[in-house]
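Work through the exercises below with the sequence and the model at hand. Each task is followed by a stepwise solution.

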Amino acid sequence: MIIASISAFALGIQLELNGYLRTRFKLLNNITATQIQGLTPLITYFDSRGLLNATVGNENLKLKTRIDLIDNTVWGYNTRGAADAPLAQFVSFHDVIGKEVQPVKIRRLWLESMTPVGLFMIGIMPSQWGLGMAVNSGDNIYDDFGDTYARVLFATKPLGKESDLITAVFYDKVVEGAVLREGSSDLLDADADDFGAVILYSGTTFKGGTYLLTRIQSTTGSQAFAPSIYSEYKSRFYFGGEVAGMFGQFSPFKGHKIDISSLGAVIRVGYESDNIFPIFEFGYTSPQSDDEFDPEINRLGTKVNSYAFHPNYRPSLLLFQFVGGKKFSGLNQKGFSNVLESRRVWNSFYLKLSSQIKTELIVIIPSVISAWDSEKSKFLGLEPNIEVRNYLLKERENNQEHSLFLSAKVGYLIVGDRLIELERFGEKFTKKANVFGLIGYVAYEF
């Protein structure tokens with residue numbers, strides 16, 4: 001071991017570690033947005049999660065990995081439910097729906113090589129773009145979701161190393177294998193592949209560019225094009241904007257063609273002083289059509305006109321995370337460890353006003369969001385939120401920041417009639433009830 005360490009030092013190989021450990025307390029009152037038999041359901045529980053990013057190598061060649069540790073494991077003994085609760089003795093590794101959680105899981109592993117012509121990356125890696133409304137790696141301490149791709153990527157600075165212009169091309173293997181096509185006895189290869197390109201200007205105060213992605217499944221003739229345009233300016237004045245869409249056609253089964261044409265957008269404007277940073281935000285997702293294809297509702301539809309934000313993009317505590325918004329399909333949601341918060345901004349537009357009030361150790365973030373259905377412009381809900389974050393420890397050592405903080409997020413959602421129509425589709429005489437949520441954090445970042 002000593003000889004190996006000396007050899008690694010002589011070769012200039014370094015080990016870098018960063019990540020976090022968090023514990024959350026959740027109290028969710030009435031996330032059904034209705035009274036059921038005169039009662040409002042109450043959910044309370046604790047969960048914990050750790051994340052470790054490790055890098056081994058030197059400035060020219062690096063092996064990187066992300067390791068999830070007890071990923072959102074619910075506190076307590078949850079193997080067999082409440083029937084034998086008095087006999088519980090040990091903590092079990094299970095999520096909120098009782099599915100077993102692997103205590104240690106390697107989620108990403110990839111290689112980076114810096115050559116004279118540019119950067120090569122290959123392996124299972126994260127993907128992040130723009131404001132995160134369409135492509136989001138989910139590495140923030142508040143996040144649970146994240147995009148991970150089996151990818152080969154090459155990036156370079158075509159105007160020279162000192163230039164702020166970056167270009168990249170990449171290939172993703174999305175699906176590999178053979179499936180039995182519905183309505184046919186033939187065994188077909190269901191490969192689906194992504195081909196993409198990025199052009200990004202990344203300066204000190206301004207960033208902006210375009211992200212282009214084409215997904216192809218040759219056996220069904222499916223092809224989708226997903227572009228995104230992004231810009232962000234940061235000084236005292238702040239502006240951020242992203243517009244993304246998806247266009248094309250796909251075939252879920254033989255003889256059934258689905259036309260895709262959807263659009264989403266986010267615009268932010270703010271001004272940062274020494275201690276206060278107010279931001280106004282507008283978000284939009286295109287509405288569904290009368291013949292919308294949805295695996296959960298209408299598999300016979302012929303169009304996809306609705307756009308859904310990435311599930312990791314959360315403009316509020318309750319709306320579009322626990323209540324309202326697009327749910328994950330049943331196949332993805334089954335056994336999903338975050339089934340309680342598996343929704344996305346969808347079929348709507350919203351206005352949000354928030355502000356960060358900062359001191360050296362305390363951050364207060366009040367906000368209010370109001371949302372409408374983009375299909376009929378009917379009121380969905382109004383939600384005031386507030387977060388208070390208290391840093392018990394905040395220091396920097398060896399170019400690495402360490403922080404220990406407590407945080408409490410509180411939200412109260414005033415439910416609109418249109419939200420009840422969407423949440424309780426087809427149910428009459430349902431009495432709506434407002435929603436309350438509290439999420440507390442104890443978190444350590446390093």
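**Exercise 1: a pocket and its lining**

The second largest pocket of this predicted model has a volume of about 1,400 Å³. Task: find which residues are the closest to its centre, and which elements give two or more residues to its lining.

Solution. 
1. The lining holds 46 residues, and the closest to the centre are Asn140, Tyr142, Arg314, Lys352 and Gln356.
2. Two or more lining residues come from each of strand 1 (14-29), strand 12 (222-234), strand 15 (276-285), strand 19 (348-358), strand 20 (362-373), strand 21 (379-397), strand 22 (400-415) and strand 23 (435-445).
3. By residue class, the lining divides into 17 nonpolar, 13 polar and 16 charged.

**Exercise 2: strand pairing**

Task: state how strand 19 is joined to strand 15 and to strand 20.

Solution. 
1. Strands 15 and 19 run antiparallel and are joined by 9 bridges. Phenylalanine 282 stands opposite leucine 351 of strand 19.
2. Strands 19 and 20 are also antiparallel, with 9 bridges. Here lysine 358 has valine 363 in strand 20 as its bridge partner.
3. The link from strand 19 to strand 20 is a hairpin through 3 residues.

**Exercise 3: confidence**

Solution. 
1. The chain averages a pLDDT of 88, and 89% of the residues score at least 70.
2. Among its elements, strand 15 has the highest mean (98) and helix 1 (residues 2-10) the lowest (46).
3. Where pLDDT is low, predicted coordinates should not be read in detail.

Key:
Residues numbered from 1 in each chain as written. Predicted model: local features only at pLDDT ≥ 70, side-chain atom pairs only at ≥ 80, totals over all residues. Heavy atoms only, no water. 1 Å grid on protein atoms, 1.4 Å probe; cavity = no way out; pocket = protein on both sides within 12 Å on 5 of 7 lines; lining within 4 Å. Points joined across faces, edges and corners; volume = space filled by probe spheres on them. Helix = DSSP H or I, 4+ residues; strand = E, 2+ residues; numbered from the N terminus. Nonpolar A, V, L, I, M, F, W, Y, C, P; charged D, E, K, R; others polar. pLDDT = per-residue confidence, 0-100. Pairing = 2+ DSSP bridges.
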